[in-house]
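Please have the sequence and the model open as you read.

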Amino acid sequence: MNASDGLQRLRLDLAYDGTLFAGWARQPGRRTVQGDVEDALMRVARLPAVRLTVAGRTDAGVHARGQVAHVDIPDDVPLGGLARRLNGVLERSVRITGLSPAPPGFDARFSALSRRYVYRIGDAPYGVDPLRRHDTLAWPRPLDAERMRYAAITLLGEHDFSAFCRRREGATTVRTLLRLDVARVHDGVVTADVEADAFCHSMVRALVGALLAVGEGRRPREWAARVLVRGVRDPAVTVVAPHGLTLVEVRYPPDTDLAARAAVTRAVRVPTTSSG
């Protein structure tokens, strides 16, 4: 995009409760995060159409605290107070937490270095804290977080994650898993903190499902790594419910490297990057 186009690119930082949404991506006849935000932007900025590009297209029921998107709008649209006005028309399940002119070369999707998610699981005998029921999976059996942590370490690095993904025509399932930390946190919940350069469809929730099988003792600690090497979906790997998953961070390189990062990513990625 050039200045002569008469457009300005904005970076939007977003948070949302995905409970009542059919995911990020706009779909006919269904409520989506993209649809809500685009409609709000058209209303507030008095534009006939806008199109958001997002860092990670979260699935139905998945939440976000650190989602990032960009949008190109006419450069005569004033930015002062725009985030406040957007939040004024959006329902409270979606918040614009930041809005600013994007640096040159910025692409919310292709410039990203990594996406980071956290999955929360409650295995207390009484279930899940009622105030966290929308973002925490209730698990009916006790979990050994240390066993899960050991299994998670064996999955780190660059691999073909086809055993943990839903294949899409022409899409690569090779990903670099940068982080998969499992811990029991202060409120007694077990969390899986997951970061990768990108995720293929259902990957995070399938990884967590495999770790749960290890954590409750149904599979040995080495089992998840064996599934990875086999490269085929194992019926014992459960794709866990989406509501326990939250996108917490998208990392980008320094501004001077944004365009170069986008060019590299475009060369190896195919149309969609989805959570899950």
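This is a predicted model: local features need pLDDT of at least 70, side-chain atom pairs count only at pLDDT 80 or more; totals for chains, interfaces and linings use all residues.

Residues are numbered from 1 along each chain as its sequence is written, and side-chain values use heavy atoms, with hydrogens and water left out.

**Helix α4**

- Helix α4 covers residues 203–215. Helices (H or I, at least four residues) and strands (E, at least two) are DSSP runs, numbered from the N terminus.
- The expected span is 1.5 Å times one less than the number of residues.
- In α4, 13 of the 13 residues are buried, so the rest of the structure largely encloses this helix. Buried means under 20% relative accessible area, exposed over 50%, and partly exposed in between (1.4 Å probe, protein chains only).
- Glycine 217 follows α4 and has a positive phi, near 90 degrees.

**Salt bridges**

- Side chains of opposite charge can pair when their charged atoms come close.
- The count comes to 21 salt bridges, each a side-chain nitrogen of Lys or Arg within 4 Å of a carboxyl oxygen of Asp or Glu.
- Aspartate 59 and arginine 205 form one of them, at 3.5 Å, N to O. Aspartate 59 sits in the loop between β2 (53–54) and β3 (63–74) and arginine 205 in helix α4, so the pair ties together parts 146 residues apart in sequence. Both aspartate 59 and arginine 205 are buried.
- Aspartate 193 and arginine 116 meet at 2.8 Å, N to O. Aspartate 193 is buried, at 13% relative accessibility.
- Glutamate 146 and arginine 149 pair at 2.7 Å, N to O. Both lie in helix α3 (residues 145–153), three residues apart, about one turn of the helix. Glutamate 146 is partly exposed at 48%, and arginine 149 is partly exposed at 32%.
- Salt bridges that share partners join Arg116, Arg179, Asp193, Glu195, Glu249 and Arg251 into one network.

**Positive patch**

- Arg51, Arg57, Arg166, Arg168 and Arg233 gather in a surface patch of positive charge. Patch residues have over 30% relative accessible area and no salt bridge; like charges are joined within 9 Å, nonpolar side chains (Val, Leu, Ile, Met, Phe, Trp, Tyr) within 5 Å.
- Arginine 166 lies in the loop between β7 (157–160) and β8 (174–184). Arginine 166 is partly exposed, at 43% relative accessible area.

Terms used:
Accessible areas come from the Shrake-Rupley method with a 1.4 Å probe; for residues, only the protein chains shown count as cover. Lys and Arg count as positive and Asp and Glu as negative; His and the chain ends are not counted. The place of a charge is taken as NZ of Lys, CZ of Arg, CG of Asp or CD of Glu.
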